Amino acid sequence: MGKKKDKDVDAEDHGIGQHSPKLCGTNYPVSIAFIVVNEFCERFSYYGMKAVLTLYFIHYLRWDKNLSTGVYHAFSSLCYFTPLLGAMIADSWLGKFKTVIYLSIVYVIGHVVKSVGAIPDVGDSTAHVVFSMLGLVLIAFGTGGIKPCVAAFGGDQFDEEHTEERTKFFSIFYMSINAGSVLSTIITPILRGDVKCFGGDCYALAFGVPAALMVIALVVFIAGSGLYKKSPSEGNILVRVCRCIGFAIRNRWKSSKNSPKRSHWLDWAEEKYSKRLIQEIKMVFRVLVLYIPLPMFWALFDQQGSRWTLQATRMNMDFGGGFIIKPDQMQMLNALLILVFIPIFDMGIYPLIGLCRIKLTPLRKMATGMILAALAFCAATVVEINVIKSVVEPPLAKESLVQVYNLMDSEVTVQFPGHTVLSDPLKSYEDPSGYTSLPLTGESQLYTVTVTHNGTEYQCGLTFTEWTAYSLFLHTAQPGDTVCKLVKDHIIKSETGDAYLRFINTHSENINITIGTDEFLAAANYGISQNISVPRGEYSGIVSKTNSNQYHIDLGLLDFGAFYTVILSKESNGLTFKKMEDIQANNIHIAWQIPQYVFITAGEVMFSITGLEFSYSQAPASMKSVLQAGWLMTVAFGNVIVLIVAEGAGMEQWTEFLLFAGLLVAVSIIFSIMAYFYTYVDPDQLDKIFEEDTDDEKVESSDRKKNEAVSLIDMPKQTNM
């Protein structure tokens with residue numbers, strides 16, 4: 001038996017009872033420095049990868065917005081389901097130290113696979129999807145598996161009497177999480193957008209750097225191995241709870257109708273499990289019932305990295321002075337604001353509310369946090385309504401869109417038979433007035449369009465197809481003749497804020513235009529170049545070559561999300577041009593997203609931090625890990641809600657935002673009603689009541705106290721929100 005016990009103790013490499021050296025004469029173990037650095041690098045790795053994930057799905061894998069949003073939230077959900085697995089492995093098998101090591105290796109492999117999938121030269125599009133999904137699954141198992149272990153392992157490094165130092169350690173630990181989040185959401189979008197590789201945005205580097213940080217996290221954690229206090233696995237309380245619940249259900253099902261009734265269905269487990277465990281599970285269940293409405297908060301909160309990022313891509317990102325923020329960098333506001341808001345709420349807002357003699361209980365704080373999150377989505381709705389004003393909605397079934405360019409020497413009138421699509425005359429070289437809807441009788445329709453120029457009518461037979469946008473160019477091929485040229489248009493704005501540009505050449509020679517690495521060829525006599533996206537910016541001295549000459553033109557600012565058509569003409573003084581804006585630039589500034597980030601972060605402070613505090617205060621010491629698992633499940637199910645809505649609702653984005661806001665308000669009302677009937681308890685009282693009596697004379701008294709505890713916990717709930 002002695003040898004067996006020694007082997008169990010050695011399971012964590014002889015770490016029990018080991019005292020780590022202290023930092024500079026304090027009570028802080030040196031080992032926590034390795035844990036804090038490890039957490040910083042791991043969070044940089046996770047949030048850095050996740051920051052660019054939605055845009056990676058859209059631009060690299062060529063998925064649509066809904067599929068990209070769905071997969072993003074499926075991944076987020078998996079990251080919060082896997083902590084259950086990590087906790088079971090750590091508590092029942094390997095212990096925290098080895099669990100962190102082994103699952104960190106899985107984590108690193110996931111990052112490497114994900115980075116390889118972002119290299120265009122590796123396989124085809126199917127291979128990229130396979131590598132990406134495999135990498136994300138491994139990352140989810142890695143990050144989720146170590147999530148419940150690292151913080152607890154850090155707490156294990158402190159001696160029992162150093163509770164104040166342990167509390168401060170968790171604050172430092174939380175700071176390292178947010179520091180890693182802020183830096184990564186600033187840096188990885190820069191690596192994605194500003195560094196070019198393989199002919200486009202460098203997603204391989206944007207994923208590779210987080211992979212390198214995860215390698216560093218693993219190396220640092222291993223480097224501190226000799227300093228750690230390592231406790232052996234002690235059995236997983238979550239497994240015991242599940243077995244107790246399962247036994248109670250089976251025992252109740254098998255019992256005969258004549259069996260005496262019991263006050264609670266969990267009491268059917270008394271034949272096998274202690275009354276203390278059963279009462280602790282009852283206390284946990286009372287809190288878990290309150291968790292039922294909570295996933296809706298996380299359904300809104302986690303859309304910062306998906307829907308809100310996509311909203312940012314259609315906004316003006318220029319703050320002046322050459323400072324341009326990237327759409328996927330806005331997420332850093334949440335981590336930055338939470339570092340600011342925590343002391344403001346703790347030292348300012350909460351004390352002020354207390355001075356007003358308003359009792360702000362934890363459950364009331366959580367309900368208020370839900371309302372603030374709903375207000376964030378109301379703000380996002382207002383922003384979205386204004387953002388879409390510069391967006392051309394794609395045509396529907398049995399519908400086309402058309403805009404007309406008059407490249408003739410005087411005004412013209414265009415008539416579509418049976419429709420007043422374009423009723424006003426079009427001036428020569430006038431900017432188009434925008435796309436107009438053209439109804440069709442079927443999948444396609446032939447229209448005989450009448451063009452009136454200088455009193456003479458010309459007719460053009462043009463075929464329009466549903467779901468398609470067109471530009472109709474009118475020009476003169478020779479005196480007295482009118483040409484109608486119908487061109488299919490691309491009208492979907494760039495998700496990175498790029499502008500789209502095309503050239504029309506009215507010259508008698510071909511013209512080659514070079515912008516950066518892009519080449520535009522506009523054939524002679526009204527030839528039209530490809531419509532190519534170019535980064536937003538000022539463009540001057542653009543080289544334009546014909547067979548006989550070279551010219552330089554200044555296009556000026558090509559703004560975020562705008563579509564431009566540039567008409568090139570040969571005049572006696574050289575090459576002239578006219579720049580027309582086909583689709584309006586993104587005119588809503590990205591700073592208008594700040595209010596929604598302020599609301600959602602304030603909601604997080606009141607909801608998330610308070611929720612964890614409430615959960616811990618209402619659970620016995622042995623059940624805190626069970627409630628932690630339940631809390632993580634609310635995050636996981638919240639992401640499942642977004643996945644369902646994104647794939648199944650098919651709404652306009654602003655109505656979807658409004659739907660989420662309304663749902664959360666409704667859920668907050670339900671939660672408030674549930675909270676009203678909740679009675680706060682002191683779990684420490686359970687320790688006193690169930691304290692073991694070694695003196696036989698006290699057995700009767702002890703049994704009476706236990707019965708009192710049972711009646712106390714099972715009593716009808718008082719109103720104490």
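**Close-up views**

**View 1. Phe599 lies in helix H15 (residues 594-617).** Helices here are DSSP runs of H or I with at least four residues, strands are E runs of at least two, and both are numbered from the N terminus. This is a predicted model: local features need pLDDT of at least 70, side-chain atom pairs count only at pLDDT 80 or more, and totals for chains, interfaces and linings use all residues. Residues are numbered from 1 along each chain as its sequence is written, and side-chain values use heavy atoms, with hydrogens and water left out. Phe599 counts as partly exposed because its relative accessibility is 30%. Buried means under 20% relative accessible area, exposed means over 50%, and partly exposed is in between (1.4 Å probe, protein chains only).

**View 2. Phe599 belongs to a nonpolar patch on the surface.** Patch residues have over 30% relative accessible area and no salt bridge; nonpolar side chains (Val, Leu, Ile, Met, Phe, Trp, Tyr) are joined within 5 Å, like charges within 9 Å. A salt bridge is a side-chain nitrogen of Lys or Arg within 4 Å of a carboxyl oxygen of Asp or Glu. Helices H14 and H17 (653-676) each supply at least two residues of the patch. H17 gives the most, with four.

**View 3. The largest nonpolar core has 130 residues.** A nonpolar core is a set of buried Ala, Val, Leu, Ile, Met, Phe, Trp, Tyr and Cys residues joined through side-chain atoms within 4.5 Å. Leu53, Tyr56, Phe57 and Phe75 have the most contacts inside this core. Helix H14 (residues 362-387) gives the most to it, with twelve residues. A second, separate core has 22 residues, including Leu555, Ala562, Tyr564 and Ala585. In soluble globular proteins, nonpolar side chains tend to be buried together.

**View 4. Tyr56 and its surroundings.** Leaving aside residues up to four places away in sequence, Tyr56 touches Leu61, Lys114, Gly117, Ala118, His128, Ser132, Tyr203 and Phe207. Contact means heavy atoms within 4.5 Å.

**View 5. A disulfide joins Cys197 to Cys202.** The S to S distance is 2.0 Å; a disulfide is a pair of cysteine sulfur atoms within 2.5 Å. The torsion about this S-S bond is about 110°, so the disulfide is right-handed. Cys197 counts as buried at 17% relative accessibility. Cys202 is buried too, at 5%.

**View 6. A disulfide joins Cys460 to Cys484.** Here the S to S distance is 1.9 Å. The torsion is about 50°, so this disulfide is right-handed. The pair links distant parts of the chain: Cys460 is in strand S7 and Cys484 in strand S9 (residues 483-489), 24 residues apart. Cys460 is buried at 9% relative accessibility, and Cys484 is buried at 17%. A search of the whole structure finds two disulfides.

**View 7. Asn454 and Tyr526 have positive phi values.** Most residues other than glycine have a negative phi. Asn454 has a phi of about 55°. It sits in the loop between strand S6 (444-453) and strand S7 (456-465). At 57% relative accessibility, Asn454 is exposed. Phi of Tyr526 is near 70°. Tyr526 lies in the loop between strand S12 (518-522) and strand S13 (527-528). At 15% relative accessibility, Tyr526 counts as buried.

Notes
Areas by Shrake-Rupley, 256 points an atom, 1.4 Å probe, with all protein chains shown as cover.
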